[in-house]
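Reader: I would like to go through some labels given to this model and the cut-offs behind them. Please set each value against its definition.

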Amino acid sequence: MTEPSGHGAGPYAGPGADTERRAATTRVFIALAPPDEAKDELARALAPACAAYPNMRWNRIEDWHITLAFLGELPTAAVPSLRPPLAELAAARPPLELSLRGSGHFDDRVLWSGVGGDLDGLRLLAAEVRAAVEDGGVPYAGRPMRPHLTLARARRADTAAVPDAAAGLAAFTGGTWRAARLHLVGSDFGRGPGPIRYGDIASWPFEGA
């Protein structure tokens with residue numbers, strides 16, 4: 001990421017400004033992460049599309065996740081307040097039985113894999129997570145959940161690659177797996193033209209019966 005020029009760059013102009021901004025805010029979401037074997041299974045099915053469309057912006061397999069609540073850019077100081085309600089929620093909830101299957105796209109720009117299994121339980125979990133976020137003092141005004149796992153995004157000039165890749169993956173049916181942990185995820189780096197890099201702020205096992 002380039003440093004802002006000192007001319008007309010606003011209050012964070014000058015060397016170290018981007019570091020200050022990143023330290024003050026964090027991009028945050030709450031998610032489930034498929035286990036390695038489920039991701040490897042999908043990666044094998046996705047390999048022909050990756051080879052056919054190398055110019056798409058493919059997400060790293062390490063970053064594949066099912067978002068329950070996207071909170072966007074938060075003050076870093078506000079994030080710790082999310083830990084207690086999310087930990088309490090995870091302790092009371094049993095794991096979910098899910099799978100990855102099929103594919104689709106949003107507006108010919110975003111390629112995703114679908115989610116199968118206990119979708120009623122998944123939507124209920126998402127609603128409880130969003131309530132827990134508000135209990136942590138962070139207002140939530142996100143969209144209704146559409147269960148999916150984002151795989152790639154098209155470049156601006158390419159409107160055909162994503163629908164073609166989705167069609168090639170439409171018949172994919174992955175094995176069932178247990179979503180065993182709730183993840184609070186953040187990123188305060190990688191905000192240039194390349195993909196954003198994510199990392200766990202905290203995670204908690206589902207311990208309910």
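Reader: Where is the place of aspartate 108?

Author: Aspartate 108 sits in the loop between strand 4 and strand 5; strands are DSSP runs of E with at least two residues, helices are runs of H or I with at least four, and both are numbered from the N terminus. The model is predicted: local features need pLDDT of at least 70, side-chain atom pairs count only at pLDDT 80 or more, and totals for chains, interfaces and linings use all residues. Residues are numbered from 1 along each chain as its sequence is written, and side-chain values use heavy atoms, with hydrogens and water left out.

Reader: Why is aspartate 108 called partly exposed?

Author: Buried means under 20% relative accessible area, exposed means over 50%, and partly exposed is in between (1.4 Å probe, protein chains only). Aspartate 108 has 31%, so it is partly exposed.

Reader: What makes aspartate 107 exposed?

Author: Its relative accessible area is 72%, so aspartate 107 falls in the exposed class. Aspartate 107 also lies in the loop between strand 4 (96–106) and strand 5 (110–117). Its phi is near 55°, a positive value in a residue other than glycine, and phi of aspartate 108 is near 60°, also positive.

Reader: Why is the contact of arginine 27 and glutamate 73 called a salt bridge?

Author: A salt bridge needs a side-chain nitrogen of Lys or Arg within 4 Å of a carboxyl oxygen of Asp or Glu. The N to O distance for arginine 27 and glutamate 73 is 3.8 Å, so the pair qualifies. The pair links distant parts of the chain, with arginine 27 in strand 1 and glutamate 73 in strand 3 (residues 66–75), 46 residues apart. By this rule the count comes to five salt bridges.

Reader: What makes aspartate 36 and lysine 39 a salt bridge, and which of the two is buried or exposed?

Author: Their closest N and O atoms are 3.8 Å apart, so the pair meets the rule. Both lie in helix 2 (residues 36–52), three residues apart, about one turn of the helix. Aspartate 36, at 53%, is exposed, whereas lysine 39, at 10%, counts as buried.

Reader: How do you know that arginine 60 forms a salt bridge with aspartate 63?

Author: The closest N and O atoms of arginine 60 and aspartate 63 are 3.1 Å apart, so this pair also meets the rule. Arginine 60 has 30% relative accessibility and counts as partly exposed, while aspartate 63, at 8%, counts as buried.
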